[in-house]
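Reader: Please take one part of this model and look at it closely. Keep it brisk, and give me the cut-offs as you go.

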Amino acid sequence: MNHDEDSSITNTFNVGDILEGVPHGIALLDCGLRIVAMNRFLEGLTGFSSSDARGIYGGSIFRSNLGDRGQVFLKVLDTGEAVSIEGDIINRDRRKVAIQFTISPLRNQVEQIVGLIVVLEDISAFNSVMNTSLFHEHSTTGILGHSLKMQEVFELMPLMARTDASILITGETGTGKDLIAEAIHKASKRGRHPFIKINCGALPETLLESELFGHVRGSFTGAIKDKPGMFKLAQDGTIFLTEIGDMPLPLQVKLLSFLDDREFYPIGGDKKIQVDVRIIAATHRSLRDQVEQGNFREDLFYRLNVLHMHLPPLRERDGDIRFLLDHFLRELSARLNKKISGFTIRSLEQLTAYSYPGNIRELRNIVEYCANICQDDRIRSEHLPKYLLSTPLPPAKEGQDEQAAKTERSVINGSDPSRIGKDWMSFEKEMVINALIKTHGNRSKAAKELGWGRTTLWRKLNIHGLV
Amino acid sequence: MGAHNALAETEYSRSCLIQFKGYCSMKILVTIHNNFVAQRFDLASEVLIAVHDGNRIVDEPRTIIMSRPSAEELCNLIIKEDVDTVICGGIEERYYKFLIWKKINVLDSVIGDYGPILELAGCRRLTSGTIIPFSLENGKMP
């Protein structure tokens with residue numbers, strides 16, 4: 001570390017105060033492009049703590065795609081001119097985040113360049129909104145929908161963004177819970193602070209506790225240094241606990257205690273840490289049922305369920321299926337450089353009659369499949385995935401003029417509970433689950449049982465959201 | 001994963017890697033750039049493969065130059081080479097999960113000179129997130 005350069009930056013101002021006052025990730029680099037200081041926002045964005053990052057080459061901490069190593073930084077040092085570039089980083093949560101980088105030279109009092117100031121603005125939410133054609137209609141959400149049920153959701157969102165109360169978002173898989181949570185955060189007064197997502201079902205209990213609340217050095221084998229935990233990193237922002245219904249009971253107690261006092265002890269720590277974060281939780285399960293079965297604490301349920309938003313499944317969103325089919329077809333045709341103008345009446349009947357247990361995620365995948373297979377100018381029945389063709393159609397049609405009415409009928413038919421679970425996807429999912437139960441979770445044996453390779457089973461588990 | 005393109009291989013010697021202690025045979029792949037662990041798995045254009053037999057590195061470590069940076073092709077290479085442990089910088093969740101699924105030990109978010117990092121890996125003391133401060137040589141950057 002070049003201590004002369006380092007001190008010339010840090011002695012002039014109280015650098016920590018300046019950095020914490022900026023509502024984006026921000027780092028100071030010396031002329032050797034090593035990190036001198038970074039703010040808490042950047043800690044949350046990258047997953048690296050300031051103490052770990054200090055003295056390390058900045059590029060190794062940002063892990064961006066800004067071309068050959070350090071060239072952009074060196075250019076700013078050489079020319080003295082600030083640059084602003086769009087790119088992405090991969091953080092320690094293994095998530096790729098779209099970033100707007102602004103790199104400016106840092107000069108001392110005699111106008112000599114002593115380092116760089118790098119600002120990283122998370123533009124992932126902005127990008128996801130811009131990628132939708134309905135940008136002007138629901139510019140704060142990135143969620144598409146014209147149905148009455150979705151209009152209710154859109155009306156509720158600004159109200160939820162205005163308050164600071166905990167929110168519980170429920171809805172089936174693929175209904176857009178994550179997008180809604182992030183949109184509410186961005187629209188709230190905490191929008192310029194971190195939004196940190198934790199999947200409560202993805203980690204074992206001890207690891208999850210450490211991820212959420214952090215630990216102190218020496219608290220358990222392998223705890224070789226202090227770890228701040230997501231609650232601390234989300235200071236002034238929002239923490240999004242997805243699949244909250246899968247959170248282990250002992251951790252539920254600790255979360256409840258935090259919600260009561262807004263403070264917690266890190267694992268092995270003897271000093272309470274106070275943080276100011278908003279909690280948004282989401283689950284595809286019925287938490288009331290979970291409470292009745294004794295799998296979820298009732299007091300925590302009431303604590304989280306201050307504000308409740310239920311996202312309707314696609315089969316209950318009248319008219320949205322047709323709307324989304326057209327939207328995704330337009331998007332995917334353009335991406336695949338194809339000139340597909342739409343769907344034939346017959347294929348539309350099949351598509352609108354389907355119940356979409358995987359909701360929008362599944363619908364998009366189906367359209368992507370069709371767009372890839374189709375070599376004509378319109379999607380025909382033979383371009384649809386085979387399992388859709390087994391879906392029974394509504395009664396014989398009277399004529400094309402009544403198509404709209406029939407589409408509505410078929411959507412309603414799609415919501416018939418007796419038909420849900422009888423499509424191929426549901427059957428396949430059931431088959432996979434049964435094989436896993438039979439083999440006590442041994443995936444190699446389950447794959448053998450199903451007559452598949454392990455990679456095929458891996459792909460199927462991903463498709464059905466079982467990973 | 002798509003089929004990976006033809007890879008150009010070059011023999012590469014790293015004297016600092018020859019001697020270190022280990023416990024059993026292990027094939028290690030490190031994504032590298034200059035003398036450092038590459039910052040990102042998906043952008044790595046060079047990898048080093050070393051086999052550790054319990055006491056030392058067997059033969060010379062090999063470096064493979066990828067025809068183009070690609071996470072998919074790198075995954076294919078890792079499977080094809082029957083690698084036991086992958087050491088890398090930032091890696092996206094889906095590639096991480098895929099490799100774990102294939103029973104490959106992935107040590108990610110590793111920062112530093114790959115020489116001492118390989119030594120640590122050989123001694124089974126390397127963990128994800130290990131940072132070894134750089135000693136910059138010849139103005140080369142990680």
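Helices (H or I, at least four residues) and strands (E, at least two) are DSSP runs, numbered from the N terminus.

This is a predicted model: local features need pLDDT of at least 70, side-chain atom pairs count only at pLDDT 80 or more, and totals for chains, interfaces and linings use all residues. Residues are numbered from 1 along each chain as its sequence is written, chains are lettered from A and ligands numbered from 1 in the order in which they are written, and side-chain values use heavy atoms, leaving out hydrogens and water.

Helix α2 of chain B spans residues 93–101. Its buried residues are Y95(B), Y96(B), F98(B), L99(B) and W101(B). Buried means under 20% relative accessible area, exposed over 50%, partly exposed in between (1.4 Å probe, protein chains only). After α2(B) comes K103(B), with a positive phi near 65°.

Now a strand of chain B. T63(B) sits in strand β5, residues 57–65. T63(B) is buried, at 0% relative accessibility. V47(B) is 16 residues away from T63(B) in sequence, yet their C-alpha atoms are 5.5 Å apart in space.

Chain A has a buried threonine too: T352(A), with a relative accessible area of 1%. T352(A) belongs to helix α16, residues 345–353. Its side chain reaches the backbone oxygen of L348(A) at 2.7 Å. The T352(A) side chain also reaches the backbone oxygen of E349(A), at 3.4 Å.

Note on methods. A polar contact is a pair of N or O atoms within 3.5 Å; within protein, one must be able to donate a hydrogen and the other to accept it, and residues adjacent in sequence count only if both atoms are side-chain atoms.
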